[in-house]
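User: I would like to go through the terms used for this structure and see, for each one, what value stands behind the word.

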There are 2 protein chains.
Amino acid sequence: MVDIKNTYTTEIEALFYAYQAFTSASDQHLATLGLGRAHHRILYFVGGAPNLSVGELLQKLQISKQALSAPLRQLQAQSLVVGAVSPEDRRVKLLRLSTEGERLLDTLLGLQTDLLERTFLQFSAEDRQMWLALTQTMAGHGPKMDNS
Amino acid sequence: MVDIKNTYTTEIEALFYAYQAFTSASDQHLATLGLGRAHHRILYFVGGAPNLSVGELLQKLQISKQALSAPLRQLQAQSLVVGAVSPEDRRVKLLRLSTEGERLLDTLLGLQTDLLERTFLQFSAEDRQMWLALTQTMAGHGPKMDNS
DNA sequence: TTTTTATGTCAACCATATTGACATATTATT
DNA sequence: AATAATATGTCAATATGGTTGACATAAAAA
């Protein structure tokens with residue numbers, strides 16, 4: 001069956017379960033706060049580029065503004081994300097993380113980091129570099145993104 | 001910001017975008033058939049273990065029978081999956097792929113294989129082995145599964 | 001003054017999941 | 001033979017995370 005017809009079944013399964021491992025810890029932690037992956041992605045992009053406008057965030061997330069609305073409103077209601085009117089253009093709202101929001105993002109990144117660290121511990125620095133290079137190459141073969 | 005506080009941002013991003021690349025081609029192909037990832041996982045598990053019972057499939061998928069119901073019914077309606085009463089226990093329904101279902105699964109696996117092949121082409125056989133070993137180790141650090 | 005832009009909200013819809021309740025057929029137990 | 005347990009299936013209500021379309025408002029640009 002599958003194993004006979006396809007040479008890469010092992011790699012496909014490894015990647016599937018590795019990604020599950022990669023997301024499960026943060027997913028669980030988010031769930032205890034009543035948050036999901038949508039909130040995680042917002043925290044990630046806003047944390048990585050403070051004073052991001054709503055429009056810029058939408059471009060990064062590649063979702064509709066209606067889809068962003070609910071989770072962003074929640075994050076603002078919980079004071080994890082704060083928005084301020086841009087001094088340059090009063091139509092624009094600039095988003096950044098509150099101290100609490102940064103702390104949560106750190107926790108989430110820490111959970112993912114823990115997995116990577118535990119994994120890399122069993123391999124050499126060269127192996128780690130190779131893994132990253134190969135994974136980045138794979139990412140580069142992905143769907144074309146509009147980073148215009 | 002994030003880059004300062006966390007050493008593994010590069011690896012985290014690489015894995016995120018690699019997984020996106022990994023799933024996008026098959027997701028797109030499934031969409032043209034009016035199917036989604038739920039159907040893909042059913043095809044994958046039934047294809048990998050023909051004459052699987054509904055209960056066994058549920059254990060592998062780790063979802064509720066209500067969540068399985070709709071996509072499985074669709075696959076049966078499209079004659080991609082066929083079910084037959086077990087000769088040993090007439091309560092049990094054994095699932096397998098039709099020829100058409102196997103063809104679709106092959107196509108989907110082929111799309112994922114293409115990405116892996118294109119990626120591995122740029123690396124040595126040792127690098128590929130390393131990547132697999134590391135990715136499998138990472139998968140092993142995932143959430144404990146009930147394979148009782 | 002008019003138009004464009006940035007944001008935001010309402011409504012309807014879809015996909016994928018959940019839990020609870022219940023029905024049916026079949027097998028196992030008492 | 002009657003009863004209990006098992007395997008499947010369905011109905012309803014709910015949640016999350018998306019979609020499109022329509023429309024409102026404030027501010028900047030034409």
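Analyst: Gln62(A) sits in the loop between H4 and H5 of chain A, where helices (H or I, at least four residues) and strands (E, at least two) are DSSP runs numbered from the N terminus. This is a predicted model, in which local features need pLDDT of at least 70, side-chain atom pairs count only at pLDDT 80 or more, and totals for chains, interfaces and linings use all residues. Residues are numbered from 1 along each chain as its sequence is written, chains are lettered from A and ligands numbered from 1 in the order in which they are written, and side-chain values use heavy atoms, with hydrogens and water left out.

User: Why does Gln62(A) count as exposed?

Analyst: Its relative accessibility is 61%, and therefore Gln62(A) counts as exposed, given that buried means under 20% relative accessible area, exposed over 50%, and partly exposed in between (1.4 Å probe, protein chains only). Gln62(A) also has a positive phi of about 60°, although it is not a glycine.

User: What makes Asn51(A) partly exposed?

Analyst: Asn51(A), in the loop between H3 and strand E1 (52–53) of chain A, has a relative accessibility of 45%, and so it counts as partly exposed. Asn51(A) is not a glycine either, yet its phi is positive, at about 65°.

User: Why is Leu132(A) called buried?

Analyst: The relative accessible area of Leu132(A), a residue of helix H7 of chain A, is 15%, and for that reason it is called buried. Leaving out residues up to four places away in sequence, Leu132(A) touches Thr10(B), Glu11(B) and Ala14(B), contact meaning heavy atoms within 4.5 Å.

User: How do you know that H7(A) and H7(B) are roughly perpendicular?

Analyst: The axes of the two helices, residues 125–140 in chain A and residues 125–140 in chain B, come within 9 Å and cross at roughly 90°. Angles under 35 degrees count as roughly parallel, over 145 as roughly antiparallel, 65 to 115 as roughly perpendicular and the rest as oblique, and H7(A) and H7(B) are therefore roughly perpendicular to each other.

Notes:
Axes are lines fitted to C-alpha atoms, for helices over the stretch in contact, and angles run from 0 to 180 degrees between N-to-C directions.
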